[in-house]
Amino acid sequence: MISAIIMGVLYLFIGLSSDTNNLEKQILIEKKEHPREKRDSFEEKGLHYSNVVGKLPLWLNGRFIHISPAQYTLGDEKIWHFFDGFGLLTSYTFSGDKIGVCSRLLKTDQLKASLSEGKINLLGFAENFGEFFPLRTTSDGQKACTSNANINVMRLGEHYLALGEIPMPVEFNPETLATEGMFDYADDLPKKDAWESAHPKKDPETGIVYNIMYGFGFMSDLIIYKFNEKTLSREKIASHHVSYASYVHDFSITKRFIVIVAYPLVVNPWDLNGIREKSTESSFIGAFKWKPDQGTIVSVFDKNDGSLVQEFKLPPFFALHHVNAYENANGQIALSLLAYDDPKIILDLALFPDGNISPSNIRTITLDFQSKKASLKTVSNISCDFPVVPDKLLGREFRYFYAVCFNNCDDKRNGLMKYDLLQGKQQIFYRQGLLFGEPVFVPKPDGRSEDDGVLLVVGRNDEGYSLFVIDASTMEELAHASFKGAAATQLHGHYFGKKPV
Ligand SMILES: [Fe+2]
């Protein structure tokens, strides 16, 4: 492998398939240097402040924390896929006319092992330097579970957790961002040999947080569970055998249902079990195959008992993120997501996201229980991803969502978009030369309209970065604060108010 790196180009085979079905696609991740070297574009810094330009809302007094893949090199060794970088936590706090920022690497066992061994020791999404399942040998010879929890953050009770797609979160201190170690759920649900969504969903009325995972064993099991914040455990609602597990990054809830969209990017658990015997060039995602002939299966489950209510079949497509879903006045489920024609976006991100990436579009799915039919409609060809809606409208009827858009700005870079699903119109906020990350929506206390609140978003370039506070109703800037130095791409995060939200 090392010699191949020296040759400059490596290929990681995704979906190695000897299947003769012509509809199955063999997909390659090309391992080569990005023409604009973007690795490790971050700085780890303690809390420091910058003056605010403009005026902050007085009620904006919480803490905005996000995590991003950030560190991709260790000595001469490199991590090749954007999703696999070691995570960097960043927090923003608000105090009068200043905004404070603090950034710390998440000191996972994987990062610590890599540092102590002087080589990348990673069990990741597209990286596999040993074995897939999250068991690795520690320095004292013990087998231990580890994960690179670099995707999202959440609060469970009084605990702040960094989440990956292996169900083993890492706890951190929200004030100092110091890593406190693996967080061990007090339950018997899988903590290894499993893959889950890093996008748990909190019902705005009940406060119950739901999530889904695939447990891999002799067969694959789809497990629907909810968190218990008092016992710090996960409680299984239901599990279902599935012949093929789909790569499902996100899902939706409605008032009564859980909606899972299973794209035809699927894995047989036996292929996962065989990874380490097959090739050191294999990976978790490399065991998946794109089988468009299977179509996209939308499954609706009862939130209370996890029973399967209805399945619907749609043409093949792929998505990373749902926008939201709700039960409409006709008793149908209306679900919006940001769709790609195929999973090539996963390959594009191997070259880091500043390059050209596959376009997405905004699609709505209507699920009709009476006719047992689903319809799929492309409502806009605006290419965008990282959608957010107000927490209080999760699973409820909504009109607007906010996202990063990629092809609608004068300088052909990206911008922050507000999309009106009712009128099919968009508003774009951008600043020349800045790349924007995922926004978070912070509702105005006692706000009346759906868009009564602010968006927090980081825009960055090679010299520095700024946190913008944007009026979500007008998409105009209220304030910003700028910082020198490099910032990691802002992926998923959360605004933690003074009171639990
Ligand atoms: Fe995500």
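Let's start with a hairpin: strands β38 and β39, with three residues between them. A word on terms. Helices (H or I, at least four residues) and strands (E, at least two) are DSSP runs, numbered from the N terminus. Two strands pair if DSSP finds at least two bridges between them.

Two notes on the source. Residues are numbered from 1 along each chain as its sequence is written. This is a predicted model, where local features need pLDDT of at least 70, side-chain atom pairs count only at pLDDT 80 or more, and totals for chains, interfaces and linings use all residues.

β38 covers residues 453-460 and runs antiparallel to β39, joined by seven bridges. Look at V457: opposite V457, in β39, stands F468.

Now the other side of β39. Strand β40, residues 476-484, also runs antiparallel to β39, with eight bridges joining the two. F468 comes up again here, with H480 in β40 as its bridge partner. β39 and β40 form a hairpin too, with four residues between the strands. In that hairpin M475 takes a positive phi near 60°.

How many of the eight residues of β39 are buried? Six are, so β39, residues 464-471, is largely enclosed by the rest of the structure. Buried means 20 or more other C-beta atoms within 10 Å of a residue's own; exposed means 12 or fewer, partly exposed lies in between, and C-beta atoms are placed from the backbone.

Next, an open sheet. It has four strands, in the order β32-β33-β34-β35, with antiparallel pairing. Which strands stand at the edges? They are β32 (384-388) and β35 (425-429); each has a single partner strand, so one side of each is left without a neighbour in the sheet. From one strand to the next, the twist averages 30°. For that angle, axes are lines fitted to C-alpha atoms (for helices, over the stretch in contact), and angles run from 0 to 180 degrees between N-to-C directions.

Strand β34, residues 415-420, pairs with β35 over five bridges, in the antiparallel sense. Y419 has Q426 in β35 as its bridge partner.

Last stop: P264. It sits in the loop between β23 (257-262) and β24 (265-267). Is P264 buried or exposed? Buried, with 25 other C-beta atoms within 10 Å. K291 is 27 residues away along the chain, yet the C-alpha atoms of P264 and K291 are separated by 5.2 Å. Leaving out residues up to four places away in sequence, P264 touches W290, K291, P292, Q294, G295, T296 and P316. Contact here means C-beta atoms, placed from the backbone, within 7 Å.

Conventions. Two residues are in contact if their C-beta atoms, placed from the backbone, lie within 7 Å.
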